[in-house]
Structures are given as structure tokens and as C-alpha cells.
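Subject: Structure handover and notes

Hello,

Here is the structure for you to look at. My notes on it follow below.

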Amino acid sequence: QLKPADLGLDRMPEPGQKLAQPIYDVSTKLEITDRYLTWEEAGRIAGLKEKELGDLKNLTGTVNKIITEEFSKEGLANEDGKIEAGLGYDRKLMLVDVIGTLDECRFSYQGMPVSKEIARIHYRKSAWFDAVEDAKKKDRQNWKSICKVAPEKLPPRLKTLIEQIYCACTNEITGINWFSGTPALKDILKEIKGLLPG
């Protein structure tokens, strides 16, 4: 539904194009699928005053800037992320969830995903993924009760490598060796790349 002009762009971006400025959007989280809203609609639903909505936009930009700068020091590109915010008793805006984790954000390293996207890539070539897609075509709201196929377990080595990504990122972003014996992130990703479907 969005047009490039709605995002301050003069043309449709090309796939993989890095935008000069980040785009901040808002969506619901308690519906069957996320529904994207205008900032005005989001402010209305949340009962935010105009200044509070402006403060939320500023907070979003500040968090994005911090995450982008910190992760880029380790060669990671901040591709996408989310924050959750709320109002305290005094209507003071605050973050109400973690920021900058591999579950909240999507990072990449030299084009390779560094997030839960790795598991998604693996499962896209599975019978479970096909069954989920078929169930969603039949009934988008109740697909979970329709789908009778369970996902198979991750291959043990891939599971270990995904766990190591979280440890390596923590070590490298903080500069503290919290998880001793964890290989370097670039080495883990190199091995993962060889395990994922083409």
C-alpha cells in the first residue's frame, strides 16, 4: 500500500539497495499477522499525544543509531530491527524490551545473515515449511490447528553453530570474553554458509 513518496523516496528501491536514511515504521503485534500502520494511526491507537509520538520517533532513531554504530565496529550491518516502548505512570517514554539482540534485529556480515534468519533459511527447504504454507493458504487465522506436520530438529552441528553465533556476538560486541572457547564470528559464519541450502 505504501508508495515510495510515502517513505521520502523518489523511486522504488532496488532489491539489496542500501537506503541513505533508515525508514521507521510501526505495526501491531497482537494480531494474527503484523499490520503496518501510519504513525498517526499508531499514535491514536496508543493514545499518544503529538509530542509523545515525536518523542517515540526520536527514541527509535537514537536506538537505531547506537545499534548501527556499535555493531558496525565488528563488521556487522544493521539491516532491520524493532523496539518496544511504553509509558510509565508519569507518561514518561521508556524502552520495555531488550535492544540490539540477534532476536530483535537482523544483522548481516558480508551478506550473510547473523540472526535467527539462519534457522529460517534451513527450514525453508523442509516438509514442515511446505505444510505451514499450505495451511496458511487454507486458513490464515487457524493455520496452526490445520498443520499436522512438526518441524524436524535442527541438525546437531547447525544447532551448535547457531548457539555459538549468539556467544560470539556477545563477546565481540561487548569486548569481553563472556563465553570462552567460542570461535570468532566470521569463522562460525563461514562454516554455516557451507551447511545451508543454496
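Which residue in E7 is the bridge partner of Tyr-109? The bridge partner of Tyr-109 in E7 is Met-112.

Before the rest, some conventions. This is a predicted model, in which local features need pLDDT of at least 70 and side-chain atom pairs count only at pLDDT 80 or more, while totals for chains, interfaces and linings use all residues. Residues are numbered from 1 along each chain as its sequence is written, and side-chain values use heavy atoms, with hydrogens and water left out. Helices (H or I, at least four residues) and strands (E, at least two) are DSSP runs, numbered from the N terminus.

The sheet

Three strands, in the order E3-E6-E7, form an open sheet with antiparallel pairing. Two strands pair if DSSP finds at least two bridges between them. E3 and strand E7 (112–114) are at the edges with a single partner strand each, so one side of each has no neighbour in the sheet. On average, neighbouring strands of this sheet are turned by 30° against each other, direction ignored; axes here are lines fitted to C-alpha atoms, for helices over the stretch in contact, and angles run from 0 to 180 degrees between N-to-C directions.

E3 and E6 pair in the antiparallel sense over four bridges, and Asp-80 stands opposite Arg-106 in E6. Strand E6 (residues 105–109) is joined to E7 by three bridges, also running antiparallel. Ser-108 has Pro-113 in E7 as its bridge partner. Four of the five residues of E6 are buried (buried means under 20% relative accessible area, exposed over 50%, partly exposed in between, with a 1.4 Å probe and protein chains only).

The hairpin of E6 and E7 has two residues between the strands, and Gln-110 takes a positive phi near 50° there. Gln-110 is not a glycine, and with a relative accessible area of 70% it is exposed. Arg-91 is another non-glycine residue with a positive phi, of about 65°. Arg-91 lies in the loop between strand E4 (85–87) and strand E5 (93–95) and counts as partly exposed at 36% relative accessibility.

Asn-78

Leaving aside neighbours within four places in sequence, Asn-78 is in contact (heavy atoms within 4.5 Å) with Asn-64, Ile-67, Thr-68, Arg-106 and Phe-107.

Helix H1

In helix H1 (residues 39–46), the buried residues are Trp-39, Ala-42 and Gly-43. They cover an arc of only 100° around the axis, which puts them on the same side of H1; the arc is that of the directions from the helix axis to the C-beta atoms. Glu-40, Arg-44 and Ile-45 are exposed on the other side of H1. The buried residues of H1 are covered by elements including strand E1 (26–27), strand E2 (36–37) and helix H2 (50–72). Gly-47, which follows H1, has a positive phi near 70°.

The nonpolar cores

A nonpolar core is a set of buried Ala, Val, Leu, Ile, Met, Phe, Trp, Tyr and Cys residues joined through side-chain atoms within 4.5 Å. The largest one has 24 residues, of which Val-114, Ile-165 and Ile-192 touch the most other members. Two or more residues of this core come from each of H2, E6, E7, helix H3 (117–123), helix H6 (156–174) and helix H7 (185–195). H6 gives the largest share, six residues.

Apart from neighbours within four places in sequence, Ile-192 is in contact with Met-112, Ile-118, Leu-158, Leu-161, Ile-162 and Ile-165. A second, separate core has six residues, among them Val-26, Trp-39, Ala-42 and Leu-56.

Regards
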